[in-house]
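Me: Can you walk me through this one? I'm new to reading models.

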Amino acid sequence: MKKTPHVTTDLAPDMADALGARRAALLRRIAKRSGLPPEAVIDLALELIDVASARLAPSPISRQAVGLGAARWRNVDPAQRSEIMRRAVEARWAKHRKKGEDPGDAK
């Protein structure tokens, strides 16, 4: 079994008070298992949350585009929407057929 270097898992009393007993114990446990100091564990957690939130939250322009797209279909009944979408797909396939390509082929 590989030994991990001794890393202090002690939290400053004010940090432990701010986190609360359950979170402070969890932080100590993660620091002990990972071999990282508690400050590094917190930094890593913040970076992970930052990356995840950037991927989950669409940019304002995308949100606006999605909203405008949804608004386009708001007062269109499902049958009419289906007909419009069918015509759009057929037109796309016809364009590729003229060129002699199959739009289903991966490039």
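Me: Where in the chain is confidence lowest, and where is it highest?
Reply: This is a predicted model, and confidence is lowest in helix α4 (residues 60-72), with a mean of 69. The highest is in α2, at 93.

Me: OK, and what's the mean pLDDT of the chain?
Reply: The mean is 81, and 75% of the residues reach 70 or more.

Me: Back to α2. At what angle does it cross α3?
Reply: Roughly 100°, with the axes of α2 (residues 21-34) and α3 (residues 38-56) coming within 9 Å. The two helices are therefore roughly perpendicular to each other.

Me: Which residues meet there?
Reply: From α2 you have Leu27, Ile30, Ala31 and Ser34, and they meet Pro38, Val41 and Ile42 of α3. By class, that contact has 6 nonpolar residues, 1 polar and no charged ones.

Me: New topic: how many residues does α5 have?
Reply: Helix α5 (residues 78-99) has 22, and it reaches 32 Å from first C-alpha to last, close to the 32 Å expected.

Me: What caps its N-terminal end?
Reply: Asp77 does: one of its side-chain oxygens lies 3.1 Å from the backbone nitrogen of Ala79.

Me: And what comes just after α5?
Reply: Gly100, which takes a positive phi of about 85°.

Terms used: Residues numbered from 1 in each chain as written. Predicted model: local features only at pLDDT ≥ 70, side-chain atom pairs only at ≥ 80, totals over all residues. Heavy atoms only, no water. Axes fitted to C-alpha atoms, helices over the stretch in contact; angles between N-to-C directions. Helix = DSSP H or I, 4+ residues; strand = E, 2+ residues; numbered from the N terminus. Parallel < 35°, antiparallel > 145°, perpendicular 65-115°, else oblique. Contact = heavy atoms within 4.5 Å. Nonpolar A, V, L, I, M, F, W, Y, C, P; charged D, E, K, R; others polar. pLDDT = per-residue confidence, 0-100. Expected span 1.5 Å × (residues − 1). Polar contact = N/O pair within 3.5 Å; in protein donor to acceptor, adjacent residues only side chain to side chain.
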